[in-house]
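Please go through the model shown here and state on what grounds each structural label is assigned.

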Amino acid sequence: MRLIELLRVLRFGIVGLAAAAVHYWVVIALVELLHIAPLQANAGGFIVAFWVSYFGHRHWTFSDAVATHAQGASPSFLRFLLVAVLGFCMNELLFYLLLRYAGWPYYLALAVVVFTVAVMTYVLSRLWAFRHAAH
């Protein structure tokens, strides 16, 4: 693996860990403090963590320099949003399955799915969402 790609993976991991921690603790706070059901709290965690992830990846991991278009959003934002929504759908499905059929405690199931989906997010972000920054 080239050094540049190794550093990109390291930066992705750091940003991803930060976003995963934000996601996890927002869900815990929503469930424990506001008594929101775990699957609904997961959506709240995703929304907050999305912004941590997007800005971290755009400005540090992939250093995306694509200019903002007249519509107000860069192509990388729209692609990353699609990647994140796809990741969240996978996250929510796996979370549901672990809660419903495996009977895991929500905090353990959430930890597993948040980190499992990170691999797919990296691959899609690297190859598609921020592809201009990678060249």
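This is a predicted model: local features need pLDDT of at least 70, side-chain atom pairs count only at pLDDT 80 or more; totals for chains, interfaces and linings use all residues.

Q: Why is Thr 61 called buried?
A: Buried means under 20% relative accessible area, exposed over 50%, and partly exposed in between (1.4 Å probe, protein chains only). Thr 61 has a relative accessible area of 1%, and is therefore buried. This residue is found in helix H2. Buried residues make up 41% of the 135 residues in the chain.

Q: What does Thr 61 touch, and what makes these pairs contacts?
A: Contact means heavy atoms within 4.5 Å. Not counting residues up to four places away in sequence, Thr 61 touches Arg 8, Arg 11, Phe 12, Val 15 and Gly 56. For the chain, residues 24 or more positions apart account for 67% of the contacts with a separation of 6 or more.

Q: Why is the pair of Arg 8 and Glu 5 called a salt bridge?
A: A salt bridge is a side-chain nitrogen of Lys or Arg within 4 Å of a carboxyl oxygen of Asp or Glu. The closest N and O atoms of Arg 8 and Glu 5 are 2.9 Å apart, and 2.9 Å falls within the 4 Å limit, so the pair qualifies. A search of the whole structure finds one salt bridge. Both residues lie in helix H1, three residues apart, about one turn of the helix. Arg 8 is buried, with a relative accessible area of 7%, and Glu 5 is buried at 13%.

Q: What makes a set of residues a nonpolar core, and which residues of the largest one touch the most other members?
A: A nonpolar core is a set of buried Ala, Val, Leu, Ile, Met, Phe, Trp, Tyr and Cys residues joined through side-chain atoms within 4.5 Å. The largest such core has 14 residues, of which Val 27, Val 31, Ala 41, Phe 95, Tyr 106, Leu 110 and Val 113 touch the most other members. H1, helix H3 (75-100) and helix H4 (106-129) each supply at least two residues of this core, and the largest share, six residues, comes from H1. A second, separate core of 13 residues includes Phe 46, Phe 50, Tyr 54 and Phe 77.

Q: How do you know whether Phe 50 is buried or exposed?
A: With a relative accessible area of 7%, Phe 50 is under the cut-off and so counts as buried. Phe 50 lies in helix H2. Leaving aside its neighbours within four places in sequence, Phe 50 is in contact with Phe 77, Phe 80, Leu 81 and Ala 84. Phe 50 and Leu 81 are 31 residues apart in sequence and 8.2 Å apart in space, C-alpha to C-alpha.

Q: Why is His 35 called exposed?
A: His 35 has 66% relative accessibility, over the 50% limit, and therefore counts as exposed. This residue lies in the loop between H1 and H2. Its phi is positive, about 60°, although His 35 is not a glycine. Most residues other than glycine have a negative phi.

Terms used
Residues are numbered from 1 along each chain as its sequence is written. Side-chain values use heavy atoms; hydrogens and water are left out. Helices (H or I, at least four residues) and strands (E, at least two) are DSSP runs, numbered from the N terminus.
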